Amino acid sequence: MSSTLIGLMGITALFVLIFSRMPIAFIMLLVGFVGFGWIVSFDAALNLMARDLFSVFSAYNLTVIPLFVLMGQVAFHAGISSRLFDAAYKFIGHIPGGLAVAAIGACAAFAAICGSTNATAATMASATLPEMKRFNYQPGLATGAVAAGGSLGILIPPSVIFIVYGILTEQSIGKLFVAGILPGLLLTILFIITIIIWTRFKPDIGPKGERAPFKEKIISLSGLIETLILFALVMGGLFAGLFTPTEAGSIGAFGTIVLALIRRNLSWRGFAAALFETTRITSMVLVIVAGATVFSHFLAVSRIPFDIANWIAELHLPAVAVICLIILIYLIGGCFIDALALIMLTVPIFYPVVVKLGYDPLWFGVVIVLVTQIGVITPPVGANVYVVSGVARDVPLEVIFRGVFPFLIAMIIGTLLLLPFPQVALWLPSLIR
């Protein structure tokens, strides 16, 4: 039996096990171990698994993940998210759909110090949904805006997905972070335009809020200070080349704790909860990375990535057609597989193809993050939808899924805009020496 056929059998087994609800990390580990042992030898597979697990759990470059996760968790428990929404609400809450627009803006700002889509969605749902309910916003618009806005957590830096992609492809994590800034702002603007158009045709779904006095608007700006300081400190330092991503994560986490202590709004219970969530999320990510590492070595010895690259080359399709096909695969896969797991599974397959076609690896990283972002709000996985549903328990799940549909269109438009205009993602990284 050829190694390619064994590889195809392994991929089939992987998808079968995914539908059995078995954790994706252990699925990749199991299939990778068995497949590698079948092609090479089981002694080699045992050595491979031991080496890969040790290398992942002892990798210095992966320490950046818990640091940025801790930064976001401390920011949440220190109430930074609530102050961000309050500032946005004071300025634009009085226009039709203004509270939903404010929620998107607050999500974008919080994403700049968080790095997790689920954490951003959960945090902003708790902060914004009660206000939108108070002003009689239609549940579909309110929950859809928060679920979609929460997805910005994996595009606007710092992003755990960018960190993992950078490690997999040996690209600069700092440049990936910077590459996500303008596409993140573009998607934020598209979300806001979506709300404006939606409320223009159906004004009753997003009634006007109360107009805040000018003095209150100015006072509310103080809620932006922490976020601006942290973002400038982390991204400014990376952009200027003053420190590495790992150093940026440690400075960001330390800075968040210091700012929380200065304001005296972080309790011991909140700090303990932040540490617990950081440990839980980091453990989950590292186990997924370890499982995917073993699985990627199985794919390598099966030669499937190279066979796919050669097959596509022989089709003589235009490069843009190949990219569109890859994007379609990510769109479909994102409906069934978690964003991080999907990237871990597919990057070893598609990255050689993209490089062979001459596309920039930084641009491709932004594109696949954008596309997998769509998966966090589409059924049946739609992790953000379930997160928001857990907060808005009185809103049926199907109402939230209907509410995110207009934002899905905005995401697809944003992705398509990057095809003819790659400089949206590449201009800022080009300024870094």
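This note sets out points on a predicted model, from helix packing to backbone geometry.

1. Basis of the model. The model is predicted: local features need pLDDT of at least 70 and side-chain atom pairs count only at pLDDT 80 or more, while totals for chains, interfaces and linings use all residues. Residues are numbered from 1 along each chain as its sequence is written, and side-chain values use heavy atoms, with hydrogens and water left out.

2. Packing of α4 and α9. Helix α4 covers residues 64–77 and helix α9 residues 160–169; their axes come within 10 Å and cross at roughly 170°. That makes α4 roughly antiparallel to α9. Axes here are lines fitted to C-alpha atoms, for helices over the stretch in contact, with angles from 0 to 180 degrees between N-to-C directions. Angles under 35 degrees count as roughly parallel, over 145 as roughly antiparallel, 65 to 115 as roughly perpendicular and the rest as oblique. Helices (H or I, at least four residues) and strands (E, at least two) are DSSP runs numbered from the N terminus.

3. Residues between these helices. Val-64, Ile-65, Phe-68 and Val-69 of α4 meet Val-160, Ile-163 and Val-164 of α9, where contact means heavy atoms within 4.5 Å. By class, this contact has seven nonpolar, no polar and no charged residues. Ala, Val, Leu, Ile, Met, Phe, Trp, Tyr, Cys and Pro count as nonpolar, Asp, Glu, Lys and Arg as charged, and the others, Gly among them, as polar.

4. Side chains of opposite charge can pair when their charged atoms come close. The structure holds six salt bridges, each defined as a side-chain nitrogen of Lys or Arg within 4 Å of a carboxyl oxygen of Asp or Glu. One of them joins the side chains of Arg-83 and Glu-226, at 2.8 Å from N to O. Arg-83 belongs to helix α5 (residues 80–92) and Glu-226 to helix α13 (residues 225–240), and the two are 143 residues apart. Both Arg-83 and Glu-226 are buried; buried means under 20% relative accessible area, exposed over 50%, and partly exposed in between (1.4 Å probe, protein chains only). Arg-83 and Glu-226 also belong to a network of salt bridges with Arg-263.

5. Lys-90 and Asp-86 are separated by about one helical turn because they lie four residues apart in helix α5. Lys-90 counts as buried at 13% relative accessibility, whereas Asp-86, at 30%, is partly exposed. In helix α15 (residues 268–302), Glu-277 and Arg-280 are three residues apart and therefore about one helical turn from each other. Their salt bridge also has its closest N and O atoms 2.8 Å apart. Glu-277 is partly exposed at 22%, and Arg-280 is partly exposed at 44%.

6. Aromatic pairs. A search of the whole structure finds twelve aromatic pairs. Rings of Phe, Tyr and Trp (its six-membered ring) pair if their centres lie within 6.5 Å; planes under 30 degrees apart count as stacked, over 60 as edge-to-face and the rest as tilted. The rings of Phe-85 and Tyr-89 have centres 6.2 Å apart and planes at 15°, so this pair is stacked. Phe-85 and Tyr-89 are four residues apart in helix α5, about one helical turn. Phe-85 is buried at 4% relative accessibility, and Tyr-89 is buried at 10%. Ring pairs link Phe-85, Tyr-89 and Phe-135 into a cluster.

7. The loop between α8 and α9. Ile-154 lies in the loop between α8 (139–150) and α9 and is buried, with a relative accessible area of 4%. Ile-154 and Ser-116 are 38 residues apart in sequence and 5.7 Å apart in space, C-alpha to C-alpha. Not counting residues up to four places away in sequence, Ile-154 touches Thr-117, Ser-159, Ile-161, Phe-162, Val-369, Thr-372 and Gln-373. Pro-158 is found in the loop between α8 and α9, and the peptide bond from Pro-157 to Pro-158 is cis, with omega near 0°.

8. Positive phi values. Asn-136, in the loop between α7 (117–134) and α8, has a positive phi near 60° although it is not glycine. Asn-136 is exposed, with a relative accessible area of 58%. Arg-264 is in the loop between α14 (245–263) and α15. Arg-264, a residue other than glycine, has a positive phi of about 60° and is exposed at 79% relative accessible area.
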